[in-house]
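Work through the exercises below with the sequence and the 3D structure in view. Each task is followed by a solution in steps.

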Amino acid sequence: MSSEEALLGVENLTKRFGAVCPANGVNYKLRENQVAGIIGPNGAGKTTFFNLVTGLCIPDSGNVFFQGGDITRLSPQKRVQLGIRRTFQLASVFDNLCVVDNIRVAYYQKQRAGRPSLGGMFLTELVGVHSETIDELTEGMGFANVAHTEAGGLSLGNKRKLELAMAIIAEPKVLLLDEPFAGLSEMEISQIVEMLKNRCAGKMSILIIEHKITWLKDLVDRLSVLVNGELVADGTYQEALESPQARKSYWKLIEE
Amino acid sequence: MPRWLKRYGDILLVFGAVGLLRLALPVPFVIHAVIFAIYTMAFSFLIGRLGLVSFGQPVYLSIGAYGTGIYLARFGTNPYAGLFVGVVVGILFSLLIGSLLLRLTGDYFALANLALCAVGFFFFQKALVSVTNGDTGLWYLARMSSTPILNLRQPNNVFVLALILAVLVWLLMKYIDSSVYGAACLAVKGNETKLQLLGYDTFGVKWLAFVLANATAALAGALYAIYFGFVSPASMELVRAPEVIVAALLGGAGTLYGPLLGAFLYIAMQDLVSTHVLYWELFVGIMVVLIMMGDEKGITTWLKPIFRSGWQLVSRRPKITRTP
């Protein structure tokens with residue numbers, strides 16, 4: 001697969017924090033509409049990988065490509081405007097805004113083709129802006145009964161759902177999910193999986209970091225294993241789990 | 001009840017009450033309090049909506065006052081033109097300062113403003129003494145010309161103008177609350193990184209808020225300058241920095257009515273209590289401690305339920321509940 005075909009690609013990505021090397025010459029390419037998973041032990045560099053792709057971290061060396069262009073030096077904000085969205089390991093929403101306003105802020109950005117101008121924001125009254133669409137989204141995503149609750153008061157499951165909803169609304173080209181299932185009950189996880197399947201599959205590329213590997217089985221068409229900043233396995237769900245490299249360094253199953 | 005009354009009924013109520021206070025209380029007190037309320041509203045917007053705490057607000061107030069003062073003492077005589085000059089100088093100053101200081105966050109922002117206030121004091125007291133007359137200040141009350149409609153040479157008219165401007169500032173704050181921009185401001189306070197990762201230019205959001213708030217502070221300063229007819233560096237002393245913070249917190253930062261309440265309460269303490277008690281700040285201190293123990297929204301936390309039920313009594317028909 002050449003880099004022209006890939007929607008998002010990284011080449012020889014390296015980042016060091018002192019003695020720790022969470023990305024050590026990572027090469028990875030994500031195709032359009034592909035749903036891919038990344039697993040790996042804690043501290044393997046999964047979140048750092050996301051940070052490098054989204055621009056929260058600048059790599060020591062290597063490049064990040066998106067739609068054929070080099071985005072290694074772009075600000076996080078510019079990358080978002082290009083269509084790269086992420087969620088965080090610790091659910092990150094606006095705790096001091098109510099659920100509807102959270103959704104509204106996310107939706108408004110999409111309305112403005114990714115570039116909300118100050119003047120536009122100032123002159124647009126919150127109350128009247130596309131209320132119907134917003135209400136529809138709020139209900140459709142399952143927030144009807146908490147619509148006017150401050151997001152800070154939501155349960156972790158609802159916060160995650162809200163964060164995901166805010167990312168989906170923008171219809172990004174690539175969606176990066178950092179441990180979307182952590183700390184959730186089986187039912188909440190299945191709700192999130194439903195949301196991903198119904199609203200995202202086939203419309204955007206998704207990259208998921210997760211520890212709850214079994215949940216990925218039906219979701220992903222590709223799985224990679226990251227250990228100590230290096231990709232040790234890459235393939236289908238089965239291939240990745242059965243690869244000797246992954247079994248050795250991730251599962252610590254030493255086969256003689 | 002018509003829609004406009006529902007939406008803006010509260011403002012009629014609040015500012016109507018201020019108007020009535022004017023009849024009951026000494027004029028210098030109400031003028032001082034209304035102008036101080038404008039100053040407090042501006043600061044409350046910064047601290048409550050954006051989470052930016054600044055210990056240097058007097059510098060923005062005084063920039064407006066000096067803009068007006070220098071214009072009236074050296075160039076023109078029309079107080080309205082002076083007011084305009086004061087606000088424009090305030091806008092330019094906060095555009096410049098904002099582009100520098102807003103790169104700081106939290107405590108650093110607060111302290112950099114404190115330092116700015118000290119620098120400003122030095123400039124107006126010592127460095128620019130040929131323009132500002134140093135500690136003596138600029139006196140121009142006699143120079144101000146009479147104007148046809150609201151003659152600002154009379155304190156009564158200064159009160160009317162200040163009240164109109166306070167209403168406008170209050171409406172601006174209310175409008176911002178209802179705009180996407182207002183939501184973005186709160187979002188900056190709550191989680192700035194997240195807002196950036198939604199594609200928003202958070203620096204721009206903060207810059208505009210900073211300019212709006214500090215231009216409003218400059219407006220308050222310009223009004224003071226016209227009312228007193230003189231300006232001096234005393235308005236910029238560092239010890240005056242906490243007063244607006246205290247007033248905003250007393251009333252409840254980030255609320256719509258809080259700053260008004262806080263400003264009136266604070267000026268009441270300063271003007272009325274201090275005539276009887278020498279250490280009037282002691283009472284302010286005790287009050288702040290008591291109110292802060294309640295909630296960050298200050299005194300409005302206590303008053304809101306009372307006002308709300310009162311307002312519901314007036315605005316809605318009583319619900320008739322029947323027991324089955």
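**Exercise 1.** State how much area is buried between chain A and chain B, and what share carbon and sulfur atoms give.

Solution. Buried area is the accessible area (1.4 Å probe) that two parts lose on being put together, summed over both. Between chain A and chain B it is about 2500 Å² in this predicted model. Carbon and sulfur atoms give 70% of that area. On the chain A side, A:Phe94, A:Met121 and A:Phe122 supply 26% of what chain A buries against chain B, more than any other three residues.

The model being predicted, local features need pLDDT of at least 70 and side-chain atom pairs count only at pLDDT 80 or more, while totals for chains, interfaces and linings use all residues. Residues are numbered from 1 along each chain as its sequence is written, chains are lettered from A in the order in which they are written, and side-chain values use heavy atoms, with hydrogens and water left out.

**Exercise 2.** Find how many residues each chain brings to the contact, and name the salt bridge between the chains.

Solution. Contact means heavy atoms within 4.5 Å. By this rule, chain A brings 30 residues and chain B 29 residues. A salt bridge is a side-chain nitrogen of Lys or Arg within 4 Å of a carboxyl oxygen of Asp or Glu. One salt bridge is counted between chain A and chain B. It joins B:Lys194 to A:Glu163, with the closest N and O atoms 3.8 Å apart.

**Exercise 3.** For the salt bridge between B:Arg49 and B:Asp177, give the distance and explain which parts of chain B it ties together.

Solution. The N to O distance is 2.8 Å. B:Arg49 lies in helix α2 (residues 27-49) and B:Asp177 in helix α7 (residues 155-178) of chain B, so the pair ties together parts 128 residues apart in sequence. Helices here are DSSP runs (H or I, at least four residues), numbered from the N terminus. Next, compare accessibility: buried means under 20% relative accessible area, exposed over 50%, and partly exposed in between (1.4 Å probe, protein chains only). B:Arg49, at 6%, is buried, whereas B:Asp177, at 33%, is partly exposed.

Key
Helix = DSSP H or I, 4+ residues; strand = E, 2+ residues; numbered from the N terminus.
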